[in-house]
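Welcome, and please open the structure in your viewer. We will walk through some charged side chains, one stop at a time.

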Amino acid sequence: GEYIYFIDADDTITPTAVEGLYLAAKKFDADVVQSEKYFEVPQEFWNDAEYRRNLKPYSYLNGEEILVKEPLIWKNNCGERVKFFCRRKLVWNVFIQLVRRDFILESEIKFRDIYAEDMVVTIQELCSAKTYVVVPNVFYHYRIREGSATSLKQDFLAIFRRQLKALKVGVKCLDEFLSDSEFF
């Protein structure tokens, strides 16, 4: 296809999610279109329509005002994107992004077999997309459930090893990927 959208097998999106992202991608000729926020839904409320209607969007800056009231369009502005990301104003999960397929292939963006691989991919996208758009649409319902990969109870040493591996592989990958960039 022309664009790629990632969704976790146990989550859902609103009926118009992909259409809204696609229309923004076409309108702004974007390599990446992403939402500013998403919904977190605990497993016990997954099928509770009333609970879902009253959900507040989640972001890393939870509690702060919405940053994006209309599409934020970044054209060839790696520095501004990285600042936004470092200030935790951008969610790094790929499940809130629509990405142009040819951009992924041309940029040689690849997922690594590490914890939080989304972050490495998102940084690569932020640094190499010609046009990166953040939209105010909130459309993704992230299921919080026991037993999922992100909620597994592990001992401290196992968690530390997983995080350390992600850090080592992620930094090496980003160093290689960004070494040709003038900005870095």
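A salt bridge here is a side-chain nitrogen of Lys or Arg within 4 Å of a carboxyl oxygen of Asp or Glu. Counted this way, there are seven salt bridges. This is a predicted model, in which local features need pLDDT of at least 70 and side-chain atom pairs count only at pLDDT 80 or more, while totals for chains, interfaces and linings use all residues. Residues are numbered from 1 along each chain as its sequence is written, and side-chain values use heavy atoms, with hydrogens and water left out.

Start by selecting Glu2 and Lys26, whose side chains form a salt bridge at 2.7 Å, N to O. Glu2 sits in the segment before β1 (3-5) and Lys26 in helix α1 (residues 17-28), so this pair ties together parts 24 residues apart in sequence. Helices (H or I, at least four residues) and strands (E, at least two) are DSSP runs, numbered from the N terminus. Glu2 is partly exposed at 40% relative accessibility, and Lys26 is partly exposed at 43%. For these labels, buried means under 20% relative accessible area, exposed over 50%, and partly exposed in between (1.4 Å probe, protein chains only).

Next, select Glu50 and Arg53, a salt bridge with its closest N and O atoms 2.9 Å apart. Both are in helix α2 (residues 49-53), three residues apart, or about one helical turn. Glu50 is partly exposed at 44%, whereas Arg53 is exposed at 58%.

Finally, select Asp31, Arg100 and Glu106, which are linked in a network of salt bridges. Is Arg100 buried or exposed? Arg100 is buried, at 18% relative accessible area. Its partner Glu106, at 4.0 Å from N to O, is exposed at 55%.
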